Amino acid sequence: MSNNIKMINGGQTQNLIKDAKRTLKYADVWSKYYNRELQKGLEECINKGDLSHEQAVKLAFIGTKHVISLFDVDRQGEELYKVDGKRYEQPEEVRQNLFDTIDRVYNFIGFLTIRDLLSIFPIRKDYDGELYQCKDYFYTVEALSKMDLDKPIGRDNVFSIMWDYCNEDLERILSEYMCLVSDLHKKKTGKGFAEVFSEMYDIPSYSINKDAGLIQDNQTGEIIKMDNKKQSHIKIVK
């Protein structure tokens, strides 16, 4: 019985390693492509004094795919750590580089028009957003209908448009970008956005130390020991 379990786990680990290698190879392709086009864009700025519209469109699209591939590598790393029962945490330098990369890609998106955005990042065909109180195709179309489709978005407007835009890649980047900004804010002030929001609206929040098995009330400072022996009410149904 135990031998069978080991064989299954070994197979799962091998599959994860295989997936990780494939993800790394895919990310390497996008990284080289992006850096090559980034160099071309830099040369344009030096020689012509500005970035061409064509190159901005390329960099916005390729840069987005590059960032998504970095997310996928990170996710594979997390899965591999779980196999050994470890918790994966990105080094601070990696998170800073990721923030800088996303911020640069948002600069390129700022060169685009809404029409460009619709062409290279099609709106996801979700139509039941009203039912679940979330954005969908209709919500995005309505938000964009108030804008000039042929006017450059501008860097200052990118974040608000990303918030309304229904596209899986752009949503993944926005979500990570907000987490990174929150981390940077916490590094400077000691508090992330969630903690600031909780304090503004008097919402209880807690910090969990899984290694020590402790939960701390961020408002009162009270520390509670986690009951690891508590039985779960979730049962596997065969």
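In the predicted model, helix α3 (residues 92-111) and helix α8 (residues 168-189) have axes that come within 10 Å and cross at roughly 125°. Angles of 65 to 115 degrees count as roughly perpendicular and those over 145 as roughly antiparallel. The two helices are therefore oblique to each other. Their crossing is left-handed. On the α3 side, the contact is formed by E92, R95, Q96, L98, F99, I102, D103, Y106 and I109. These residues meet L170, I173, L174, E176, Y177, C179, L180, V181, D183, L184 and K187 of α8. By class, the residues of the α3 contact with α8 comprise 13 nonpolar, one polar and six charged.

Helix α3 also packs against helix α7 (residues 155-164). Here the axes come within 8 Å, and the crossing angle is roughly 100°. This value makes α3 roughly perpendicular to α7. From α3, the contact involves D103, Y106, N107, I109 and G110. From α7, R155, V158 and M162 take part. Four nonpolar, two polar and two charged residues make up the contact of α3 with α7.

Key:
Residues numbered from 1 in each chain as written. Predicted model: local features only at pLDDT ≥ 70, side-chain atom pairs only at ≥ 80, totals over all residues. Heavy atoms only, no water. Axes fitted to C-alpha atoms, helices over the stretch in contact; angles between N-to-C directions. Helix = DSSP H or I, 4+ residues; strand = E, 2+ residues; numbered from the N terminus. Parallel < 35°, antiparallel > 145°, perpendicular 65-115°, else oblique. Left-handed = near helix turned anticlockwise from the far one by under 90°. Contact = heavy atoms within 4.5 Å. Nonpolar A, V, L, I, M, F, W, Y, C, P; charged D, E, K, R; others polar.
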